[in-house]
Amino acid sequence: MPTNPRPDRVTVPAVPPPVEVAAVGETMVVLCPAPGEPLEHAEQVAVSVGGAESNVAGYLARLGHQAAWVSRVGDDPFGRAVVRHVAAAGVRVDQVSVDPGAPTGMYVKDPGPDGTAVHYYRAGSAASRMDPATLAAPGLAGARVLHLSGITPALSASCRALVEHAVTNRPLVGALISFDVNHRARLWPAEQAAPVLRDLADRCDLVFVGQDEAETLWGSATPMAVRELLPGPETVVVKDGAVGATVLCRDAEPIFVPAPRVTVVEPVGAGDAFAAGYLAGLLRGLDPVRRLRLGHLVAAQALTSSGDNAPVPPWAWFERLIAAPADAWSPLDLTGTRATT
Ligand SMILES: Nc1ncnc2c1ncn2[C@@H]1O[C@H](COP(=O)(O)OP(=O)(O)O)[C@@H](O)[C@H]1O
Ligand SMILES: O=C(O)C(=O)C[C@H](O)[C@H](O)COP(=O)(O)O
């Protein structure tokens with residue numbers, strides 16, 4: 001039997017590092033006509049990919065974290081494109097299943113004089129057939145964070161059961177449950193969504209919600225009013241767009257951090273980027289002020305580039321700005337920068 005002449009060079013099979021964040025939700029292919037061109041007259045569309053939870057996973061991966069996207073796609077070219085796109089950001093996609101019985105979801109943008117409307121083609125999609133068993137994936141054990149959003153319970157009864165199961169039975173033992181309310185009025189009206197989203201959010205550990213969204217859903221016009229409505233989570237983060245964000249931790253005074261000034265190129269995906277930044281701060285053990293700052297800085301990357309998933313600068317750029325003196329953040333001025341240094 002031949003002997004190994006270089007025993008010190010024997011290769012050990014690579015074991016992937018454990019997943020830190022599991023983000024569960026639908027990601028779709030996105031069709032978009034040229035800027036300002038109404039869909040009705042479009043002859044060409046650009047094809048891209050969009051999905052709130054995979055956006056969060058993508059930003060986390062670019063910030064150096066082990067993030068997995070958990071979902072279902074159809075056995076079709078769009079499904080393969082979606083998975084390839086999410087994986088290209090460095091996100092683990094080994095927990096994405098392929099459903100031969102349903103198509104990958106799609107949404108189409110329709111630019112008009114009053115902004116861009118969105119048309120969904122996602123009813124009955126592969127992802128809408130996810131169910132509580134989706135969370136039994138063995139590769140997710142040990143994850144520190146399970147990230148969910150209020151889009152998923154609007155997709156179907158089985159998806160709503162998945163989110164109910166996540167917050168009730170906590171199948172990812174030890175994982176903090178993060179929930180971005182993400183009300184999508186085109187999926188369900190506020191009257192229907194409000195009680196469901198409130199109940200689900202209140203059973204999570206960390207909740208992100210827009211001030212405007214909270215007002216539409218629950219009539220809560222201030223961060224304190226949101227907190228009174230959601231006493232359950234350890235932390236509630238209320239975002240107020242260009243103004244800033246407030247973190248309300250249990251038994252602590254609310255903390256507000258202004259958003260930096262930026263030149264907005266495209267707002268889509270800013271909320272997802274913010275959530276990823278905040279979660280990265282949590283995983284790195286930063287205090288609440290620095291978590292908010294990191295949220296704002298990652299959101300600034302999304303705002304200053306087109307598409308859902310902007311590139312992010314090296315960690316040193318964030319490190320410098322999150323440690324800047326408080327008066328630099330009143331607010332921090334990033335206008336004119338696509339800061340990548
Ligand atoms: N005009 C803006 N200038 C600076 N930062 C912004 C602006 N709009 C949004 N942001 C950042 O993006 C985050 C998310 O904003 P939000 O309006 O809640 O986004 P979404 O509607 O995508 O969820 C804010 O907390 C802030 O950090
Ligand atoms: O509607 C859905 O289901 C989507 O996931 C579409 C979008 O890609 C993200 O939701 C962007 O979200 P924001 O960060 O709130 O701008």
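**Close-up views of a predicted model**

Helix H7 (270-283) and helix H8 each contribute at least two residues to the shell around ligand 1. The structure shown in these views is a predicted model.

**View 1. Ligand 1 and the residues that surround it.** Ligand 1 sits in the largest pocket. There are 13 residues around ligand 1, and those that come nearest are Lys 239, Pro 260, Gly 271, His 296 and Leu 303.

**View 2. Polar atoms facing the oxygen atoms of ligand 1.** A polar side-chain atom of His 296 is placed 2.6 Å from an oxygen atom of ligand 1, and a polar side-chain atom of Lys 239 is found 3.3 Å from an oxygen atom of the ligand. In the case of Gly 271, it is a polar backbone atom that lies 3.1 Å from an oxygen atom of ligand 1. On its own, ligand 1 has 550 Å² of accessible area, and the protein covers 75% of that area.

View 3. At the N-terminal end, H8 is capped by Asp 287, which has a side-chain oxygen 3.2 Å from the backbone nitrogen of Val 289.

**View 4. Ala 221 in the loop between two helices.** Ala 221 belongs to the loop between helix H5 (211-218) and helix H6 (223-229). Its relative accessibility is 43%, and Ala 221 therefore counts as partly exposed, a class that lies between the limits of under 20% for buried and over 50% for exposed. Along the sequence Ala 221 is 10 residues apart from Gln 211, while in space the two residues are 6.9 Å apart, C-alpha to C-alpha.

**View 5. Leu 187 in the loop between a strand and a helix.** Leu 187 is part of the loop between strand S9 (176-180) and helix H4 (190-202). With a relative accessibility of 23%, Leu 187 counts as partly exposed. Leu 187 and Val 30 are 157 residues apart along the chain, and their C-alpha atoms are separated by 16 Å.

Definitions and conventions:
Residues are numbered from 1 along each chain as its sequence is written. Chains are lettered from A and ligands numbered from 1 in the order in which they are written. This is a predicted model: local features need pLDDT of at least 70, side-chain atom pairs count only at pLDDT 80 or more; totals for chains, interfaces and linings use all residues. Side-chain values use heavy atoms; hydrogens and water are left out. A polar contact is a pair of N or O atoms within 3.5 Å; within protein, one must be able to donate a hydrogen and the other to accept it, and residues adjacent in sequence count only if both atoms are side-chain atoms. Helices (H or I, at least four residues) and strands (E, at least two) are DSSP runs, numbered from the N terminus. A residue is near a molecule or strand if one of its heavy atoms lies within 4 Å of it. Accessible areas come from the Shrake-Rupley method with a 1.4 Å probe; for residues, only the protein chains shown count as cover. On a 1 Å grid over the protein atoms alone, a cavity is a set of points where a 1.4 Å probe fits but cannot get out, and a pocket is an open set with protein on both sides within 12 Å along at least five of seven lines; lining residues have an atom within 4 Å of a point. A molecule sits in a cavity or pocket if more than half of its atoms lie within 2 Å of its grid points. Buried means under 20% relative accessible area, exposed over 50%, partly exposed in between (1.4 Å probe, protein chains only).
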